[in-house]
Amino acid sequence: MWPHPVDRSGLMRGVILIALGTALLTLSAKVSLPLPYVPMTLQTLVVLMIGAAYGWRLGSATIVAYLAEGAIGFPVFAGPVGGLAPLLGPTAGYLYGFVVAAFVTGWLSERGWDRSVLLLFIAMGLGHVIILAAGFAWLAFGIKLGVEKAWLVGIAPFIAASLIKNALGAALVPLFRRPFDRR
C-alpha cells in the first residue's frame, strides 16, 4: 500500500493510512473480554493485518503512532484507558510486541508471503508468537508473576483465539488489499 517513490501525495497517503490504522486499533481494543491481568481483544488481528497490508515500514510506524497516542493520554487502549499505565503494567509486553510483530509480518508480506493464504497464515502466526512471547516475558519477569502463572494468565487463554484470528486475517487481508494493490 505504500507508494514508491514517496512524494507529497504519497506522504499524505501514509498519514491517512496511519490515522486509519490507529483508529482501527482503537476500535479493536474496545472489543474486549476482560480477563485477569490482560484482556482478550481484537488488537492482535488488526496489528497483524496492518503489518501485512501496510508493509514493515508503514505498519511499524502505525503501531508506534498508536502507542504514542495512548502514552499522551488518548483512551486508545482496552477499556477507556490512555496514559502510561498500560505501557508499564501487565499489558506492556504485548503492546511493545505489537511493533515487532507488525514489523515481521510486514517484512514477510513484502517478500510475497501475502500472496498465499497459507504463507500469510504462517506470517501472522509468527506475529502472534512474537506478541505472546513478549507478553509472557513481561508478565513472568517484568512484573514477576513467575513462569507458571504467566503461562496460565498470559498465554493459555489466547492460543485458540490466536489461531482463529490468524485464519480470519489471512482470509481478509487479500480482500482488503485487492482494490489498492499496485503490484
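**Ground rules**

I number residues from 1 along each chain as its sequence is written, and side-chain values use heavy atoms, with hydrogens and water left out. As the model is predicted, local features need pLDDT of at least 70 and side-chain atom pairs count only at pLDDT 80 or more, while totals for chains, interfaces and linings use all residues.

**Entry 1: helix α1**

I started with α1, residues 8-30. Helices and strands here are DSSP runs (H or I, at least four residues, for helices; E, at least two, for strands), numbered from the N terminus. Does the span of α1 agree with or depart from what 23 residues should give? The expected span is 1.5 Å times one less than the number of residues. That gives 33 Å for α1, and its end C-alpha atoms are 33 Å apart, so the two agree.

Next I looked up which residues of α1 are buried (under 20% relative accessible area; exposed is over 50%, partly exposed is in between; 1.4 Å probe, protein chains only). I found Gly 10, Gly 14, Leu 17, Gly 21, Thr 22, Leu 25, Thr 26, Ser 28 and Ala 29. These buried residues pack against β1 (32-33), β2 (40-41) and α2 (43-71). A reminder to myself: an α-helix has 3.6 residues a turn, so residues three or four places apart point the same way.

I also checked Ser 9, which is found in α1. Ser 9 counts as exposed because its relative accessibility is 52%. Its C-alpha atom is separated by 36 Å from that of Ala 134, 125 residues apart along the chain.

**Entry 2: α1 against α2**

How do the axes of α1 and α2 cross? They come within 8 Å and cross at roughly 90 degrees. Axes are lines fitted to C-alpha atoms, for helices over the stretch in contact, with angles from 0 to 180 degrees between N-to-C directions. I therefore noted α1 and α2 as roughly perpendicular. The cut-offs are under 35 degrees for roughly parallel, over 145 for roughly antiparallel, 65 to 115 for roughly perpendicular, and oblique for the rest.

For contacts (heavy atoms within 4.5 Å), I listed the residues that meet. Leu 17, Gly 21 and Leu 25 are among those of α1, and Val 47, Ile 50 and Tyr 66 are among those of α2.

**Entry 3: α2 against α7**

α2 and α7 pack at about 40 degrees, with their axes 10 Å apart. That makes α2 oblique to α7. The contact includes Leu 45, Leu 48 and Met 49 of α2, and Leu 168, Leu 172 and Phe 176 of α7.

I then looked at α7 itself. Its 19 residues reach 27 Å from first C-alpha to last, close to the 27 Å expected. Its buried residues include Lys 165, Asn 166 and Arg 177. The buried residues of α7 pack against β2, α2, α4 and α5 (117-142).

**Entry 4: α5 against α6**

Here the angle is about 135 degrees and the axes are 8 Å apart. That makes α5 oblique to α6, and their crossing is right-handed. Phe 136 and Phe 141 are among the α5 residues that meet α6, where Trp 151 is one of the partners.

**Entry 5: aromatic pairs**

How many aromatic pairs does a search of the whole structure find? It finds three. Rings of Phe, Tyr and Trp (its six-membered ring) pair if their centres lie within 6.5 Å; planes under 30 degrees apart are stacked, over 60 edge-to-face, the rest tilted.

Tyr 66 and Phe 77 are edge-to-face, 5.5 Å centre to centre with 85 degrees between the planes. Tyr 66 is in α2 and Phe 77 in the loop between α2 and α3 (85-88), 11 residues apart. Tyr 66 is buried at 0%, and Phe 77 is buried at 4%.

Tyr 94 and Phe 158 are tilted, at 6.2 Å and 50 degrees. This pair links α4 (residues 92-110) to the loop between α6 (147-154) and α7 (159-177), 64 residues apart. Tyr 94 is buried at 6%, and Phe 158 is buried at 7%.

**Entry 6: Phe 74**

Is Phe 74 buried or partly exposed? At 45% relative accessibility, Phe 74 counts as partly exposed. It sits in the loop between α2 and α3. Leaving aside neighbours within four places in sequence, Phe 74 is in contact with Glu 69, Val 81 and Gly 82.

Notes: Left-handed = near helix turned anticlockwise from the far one by under 90°.
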